[in-house]
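Welcome, and thanks for taking a look at this one. Please have the sequence and the model open side by side as you read.

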Protein chains: 2
Amino acid sequence: MGISKRGFLQGVAAGAGVLAATGKASAATTATTGTVGGRRSYQRIACEEACTTPEVVKELSRLANGVPSMKSGPIAGPFMPDLLDIGAGRVRGMDAAGIDVQILSLVSPGVQLFAPDTAIALARDVNDRMADAIRLYPARFGALAVVAPQAPAETAKELQRCIQTLKFNGALINSHTNGEYLDQQKYWPVLEAIEALGVPLYLHPRDPAPGMEVPLAIPGFAVGWGYAVETGTHLLHLMAGGVLDRFPKLQVVLGHLGETLPFLLDRLDNRYAWQTSVFRLKALPRKPSEYLREQVILTTSGMNYAAPVRAAIEAMGIERVLFSADHPMEVQADAVTEMEGIRLTATERRKMFEDNARRVFRLTAGAKA
Amino acid sequence: MGISKRGFLQGVAAGAGVLAATGKASAATTATTGTVGGRRSYQRIACEEACTTPEVVKELSRLANGVPSMKSGPIAGPFMPDLLDIGAGRVRGMDAAGIDVQILSLVSPGVQLFAPDTAIALARDVNDRMADAIRLYPARFGALAVVAPQAPAETAKELQRCIQTLKFNGALINSHTNGEYLDQQKYWPVLEAIEALGVPLYLHPRDPAPGMEVPLAIPGFAVGWGYAVETGTHLLHLMAGGVLDRFPKLQVVLGHLGETLPFLLDRLDNRYAWQTSVFRLKALPRKPSEYLREQVILTTSGMNYAAPVRAAIEAMGIERVLFSADHPMEVQADAVTEMEGIRLTATERRKMFEDNARRVFRLTAGAKA
């Protein structure tokens, strides 16, 4: 808990419950059903909520010995039971935390470490499991399709099934695949399919690409810093490589409040104009900030802190800032309490928790009639 | 010019002059003498202001063919005349922009590319030149000592001369030296000297360390993003490597509002606690945010934008946020106009522009009697 949050604990809107004077978030003091005296007028939709299946875990475990970074990845953590639960237990946790809808996605690094055949087979299987969860709890879950960028043609077909048949809400890719970013032409069929289907691409972090992996393996900072660097770098490669112009309707969702990019918005513009002019580089048709404000969406996963949330809203506009809890890597009850403790207008709160997610992810789950 | 600045153009304090309604900064509309009707009650001290000498340029040019990144570095830019001018022309520019004092430093990458003997000889020479400038304009200049980390023992001695004899205000290192960060033990004598002399270390960006250099060479984003990643990574290596504990009085200054770290303050704490606990890493004695709030100082170079400035002040406290113009890589008149356009209290303004710099850099230049 930082000073940044304590300044704004007064004036908490309906639904937050009582926050201790120390600024210490506690599930016990939070609205545990998601409503306080029936006053909450919006639903809480969480957009970056991870799950997995025994088959994926088994396949990852086979690789883990050969991949050093896997040893500190999610499958090595204590999250396994929560990741594997995409049924009643998960829903109970959501109830306790006051979260109405979770948009499910396969935990990082997804199927991106596997051989193409294995990857696409597992992607289809996980997509089926998430579809099952939605069928069982149609009011509580949405889903982002698992993507196997290393099998682009098959993935394009699978994406069609996920969005059109299974009514999923988008697709998720965990940054690089075999060290390559999505600006490589071979991955364009995947982006083309996502754009054509009218859903967003969630660009989620994973361990940094080869080269950056060693300098960013700072003990204790591999996630807090390394993930942001990896994913922010990937987004800028998409921009600089002309991919956002090639697919101008593509909306890219970044977690963790945009992996620091919104805070650099004006500096990116300023230095981009300077570098391209002085060194006579071919400049993009738009300013970096225009790509960000037109084709990038932020979620708050792991960043429920007043100072950066307010700055991100100011930089990007409230329409582009969505709530995420990052379950189970973060404590979802704390995410709710902390986010509700931030000074927002009623309109901002409703947009961040519900309206933006419904629009961006075309989400109907749990919508009031 | 971003939306982030436009929201706060009303209520500009004394000294800013009139800003066009478009939010477009213009030197012509700025207080060109640094005072408007005598109302400005503080001086403007700029802390990250670059210069060079013909000898350094000559030595860098010899290397440039063999160092690809040099081709896009400062010496390839149009800044040469301004960098070489550490006399009357520079002072005229400061007058026009309303900057009272510049703390001079050798432009990145300093002497860090040279063989140790060349590096220390050039460091001494540049330090002498900056001392000359201070002698000529004692009210207008301070200086940060040039450091040759590749010659640690000689540098420790030279630092003593710079601080004790020449009355310099700190030391500046441009991130990595031969791909190594300052957590390597061989560089500790330099840090020990800086700490003992009671001045801060300015950790300035340069092209990213080997490994990160390729993925971060994103056309047009090498500075706006690559510099922040390189320098933020370096700072976290100092923290994780126990260097800030070994030298607990060392104050490290980061430009560009802290290379994004203040916006991640709480997330770094959260994920650090999580990673060290789950993976049983030996944790540091303090939280990441404590190191940042106790041993890191920010300057605003290139980041004169309301949203991140307000967020950085909230995260780090006003005592740790100092103004920089980043002359000549940025237009110093614009930096003044833009920073004066940001909503700050009179106390915040005085601290950011003057008081903090005087305290942190023990600066007497231009101080009113």
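This is a predicted model: local features need pLDDT of at least 70, side-chain atom pairs count only at pLDDT 80 or more; totals for chains, interfaces and linings use all residues.

Residues are numbered from 1 along each chain as its sequence is written, chains are lettered from A and ligands numbered from 1 in the order in which they are written, and side-chain values use heavy atoms, with hydrogens and water left out.

**How the two chains are related**

- Two copies of a chain are related by a rotation about an axis and a shift along it.

**The surface between chain A and chain B**

- In total, 64 residues of chain A are in contact with 64 residues of chain B, where contact means heavy atoms within 4.5 Å.
- About 5600 Å² is buried between the two chains, with carbon and sulfur atoms giving 66% of that area; buried area is the accessible area (1.4 Å probe) that two parts lose on being put together, summed over both.
- Of the area that chain A buries against chain B, A:Phe221, A:Trp225 and A:Arg267 supply 14%, more than any other three residues.
- Between the chains there are 18 residue pairs in polar contact, both residues being at pLDDT 80 or more. A polar contact is a pair of N or O atoms within 3.5 Å; within protein, one must be able to donate a hydrogen and the other to accept it, and residues adjacent in sequence count only if both atoms are side-chain atoms.
- Elements that give two or more residues to this side of chain A include helix 1 (3-6), helix 8 (222-240) and helix 11 (265-278). Helices here are DSSP runs of H or I with at least four residues, strands are runs of E with at least two, and both are numbered from the N terminus.
- Helix 8 of chain A makes the largest contribution to that side, with twelve residues.
- By residue type, the side of chain A that touches chain B divides into 37 nonpolar, 17 polar and ten charged. Here Ala, Val, Leu, Ile, Met, Phe, Trp, Tyr, Cys and Pro count as nonpolar, Asp, Glu, Lys and Arg as charged, and the others, Gly among them, as polar.

- Four salt bridges link chain A and chain B, each being a side-chain nitrogen of Lys or Arg within 4 Å of a carboxyl oxygen of Asp or Glu.
- One salt bridge joins A:Glu330 to B:Arg267, at 3.7 Å from N to O.
- Another is formed by B:Glu330 with A:Arg271, whose closest N and O atoms are 3.2 Å apart.
- That pair runs from the loop between strand 8 (321-322) and helix 14 (332-340) of chain B to helix 11 of chain A.
- B:Glu330 is buried at 10% relative accessible area, and A:Arg271 is buried at 4%. Buried means under 20%, exposed over 50%, and partly exposed in between (1.4 Å probe, protein chains only).
- A polar atom of the A:Arg271 side chain also lies 3.0 Å from the backbone oxygen of B:Met329.

**Salt bridges within a chain**

- Over all chains, the count comes to 43 salt bridges.
- A:Asp132 and A:Arg135 form one of them, with the closest N and O atoms 2.8 Å apart.
- These two are three residues apart in helix 5 (residues 116-136) of chain A, so about one helical turn separates them.
- A:Asp132 is partly exposed at 37% relative accessible area, whereas A:Arg135 is exposed at 59%.
- In chain B, the side chains of B:Glu158 and B:Arg161 meet in a salt bridge of 2.9 Å, N to O.
- B:Glu158 counts as buried at 4% relative accessibility, and B:Arg161 is partly exposed at 26%.
- Salt bridges with shared partners join B:Arg124, B:Asp128, B:Glu158 and B:Arg161 into one network.

**A buried methionine**

- A:Met94 lies in helix 4 (residues 88-97) of chain A and is buried, with a relative accessible area of 0%.
- Leaving aside residues up to four places away in sequence, A:Met94 touches several residues, among them A:Ile99, A:Arg140, A:Phe141 and A:Gln332.
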